[in-house]
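Here's a quick briefing to read with the model open in your viewer.

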Amino acid sequence: MTDPTPTPTPIPIPAPTVIPSFARGALREAAARLDAATPKDRDRAVDALRALAILGVVLGHWLVTALVADGSSLHAASPLGEMPRLAPVSWAFQTLAVFFLVGGHVATRGYASARARGESYGRWLTARLSRLFRPVLAVLGLWTVTAALLLLTGADFVTVHTLVKLALSPMWFLLVFAVLTAATPLLTRLHPLWPLVVVLHIDLLRFGLGAPSWLGWVNLAAGWLVPYTLGAAWSRGELDRRRSGWILLTGGTAATAALVAWAGYPASMVGVPGASVSNLNPPTLAAVTFGLAQCGLALLLRERLRRAMRRPMAWAAVALVNLSAMTIFLWHQTALMATTATGLLAGRLPGLHTPPDGLDWVAARLAWLPVFALVLAGCWATFRSCEQRGPGRRPTRVVRAHRPQRRATTAGARHV
């Protein structure tokens, strides 16, 4: 990235008084340089949606994942199990459908651009997947060593199993996303209705005709294929009109409400320990229709996000999240568990080790969020190089050209 000249005057942004004026000035100057270095035709709304999706998942996990200290062991619990009226929390923070929408959009346009440059499928796919899986090695290595040390020092097996399961659970998402990315050339013209029909029939077999529960795992691919193919349709210009967003939002909302109210689907859009049915593991029809509503809302917000991203400070924050999206995603559970384990040295702390059975726990957990964020920042500072730099490669840049969609033009757009 080269520093552009001349540097435009940054938009004034109010800053907290606790930040020294020279620091505020430095932040604004850096944000202005990044803003000026970003190509004018980059669709910043795409990056904003990706950042919102990642942060939604992180905050959702931090709010609904509890590690309860029970004697010498820790076991997982959820406030959604004890307080079902908090189910709307999962509606706000279960944002994976938006990530798959953006992923399908970017992959489809990126593949078209690669073909236009004469780049082979294998080279394109290697570049796409290396960014996903480079940070995984660090997580696997750390937790392999940690689990071995805990077991060797006499830690309770249930505790170790709980910690490792939570730490590695985000990786299922990467595997599904990698499979869909690899299949992008086959999915560029697939209508989202087809995988939606598959999900519908699988649920009819499972819940209506008593088919084996394992059949639901077909929806792990089919369910997330729906927003992914919507992203491909977006790249083709088929979702340009606001009417498309409103149809997805209203239709998805109505279908989800009907399934929860009359078909017996859980209200929570995330898994709840001990529940007989999970909307997410594997995805159900309710989770998919809810994802359609989220995708519709995301499409409706595009213009507002583009306007918001004209503010240099806002764009700098979004760019930073995008540069470290996988690092943040992979390490946020580790940050939660590191805080919980360290906190045990001070005793059984409210909101950290106590059962999530009341609003007092919710208030205490909200107070812990800045601590989780601080620990995650430490993980980011330590491991971000695993994502941003590969062997023999330059650091990843977030300011490459990323053009807004045009109905008949996909060649020439480049993506992160």
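What follows is a short tour, grouped by topic.

This is a predicted model, so a few ground rules apply: local features need pLDDT of at least 70, side-chain atom pairs count only at pLDDT 80 or more, and totals for chains, interfaces and linings use all residues. Residues are numbered from 1 along each chain as its sequence is written, and side-chain values use heavy atoms, with hydrogens and water left out.

**Overall make-up**

- The protein chain has 17 helices and two strands, taken as DSSP runs numbered from the N terminus (helices are H or I with at least four residues, strands are E with at least two).
- Of the 416 residues in the protein chain, 50% are buried; buried means under 20% relative accessible area, exposed means over 50%, and partly exposed is in between (1.4 Å probe, protein chains only).
- Among contacts in the protein chain with a separation of 6 or more, 78% come from residues 24 or more positions apart, where a contact means heavy atoms within 4.5 Å.

**Cavities**

- There are two cavities of 30 Å³ or more in the structure. A cavity here is a set of points, on a 1 Å grid over the protein atoms alone, where a 1.4 Å probe fits but cannot get out, and lining residues have an atom within 4 Å of a point.
- The largest cavity comes to about 40 Å³, a volume being the space filled by probe spheres set on the points, with grid points joined across faces, edges and corners.
- Lining the largest cavity are A97, G223, W224, P227, P283, A287, V288 and G291, and both α11 (219-235) and α13 (285-300) supply at least two residues each.
- That lining divides into six nonpolar, two polar and no charged residues (Ala, Val, Leu, Ile, Met, Phe, Trp, Tyr, Cys and Pro count as nonpolar, Asp, Glu, Lys and Arg as charged, and the others, Gly among them, as polar).
- The second largest cavity has a volume of about 30 Å³, and its lining consists of A53, I54, V57, T95, L96, F99, F173 and F329.
- Two or more residues of this second lining come from each of α2 (44-64) and α5 (96-116), with α2 giving the most, at three.

**Aromatic rings**

- A search of the whole structure turns up 16 aromatic pairs. Rings of Phe, Tyr and Trp (its six-membered ring) pair if their centres lie within 6.5 Å; planes under 30 degrees apart count as stacked, over 60 as edge-to-face and the rest as tilted.
- F100 and W224 count as stacked because their ring centres are 5.0 Å apart and their planes are at 10 degrees.
- That pair links distant parts of the chain, with F100 in helix α5 and W224 in helix α11, 124 residues apart; F100 and W224 are both buried.
- W172 and F173 make an edge-to-face pair, 6.4 Å centre to centre with 90 degrees between the planes.
- W172 is partly exposed at 29% relative accessible area, while F173 is buried at 1%.
- Ring pairs join F99, F100, W172, F173, F177, W224, Y228 and F329 into a cluster.

Notes. On a 1 Å grid over the protein atoms alone, a cavity is a set of points where a 1.4 Å probe fits but cannot get out, and a pocket is an open set with protein on both sides within 12 Å along at least five of seven lines; lining residues have an atom within 4 Å of a point.
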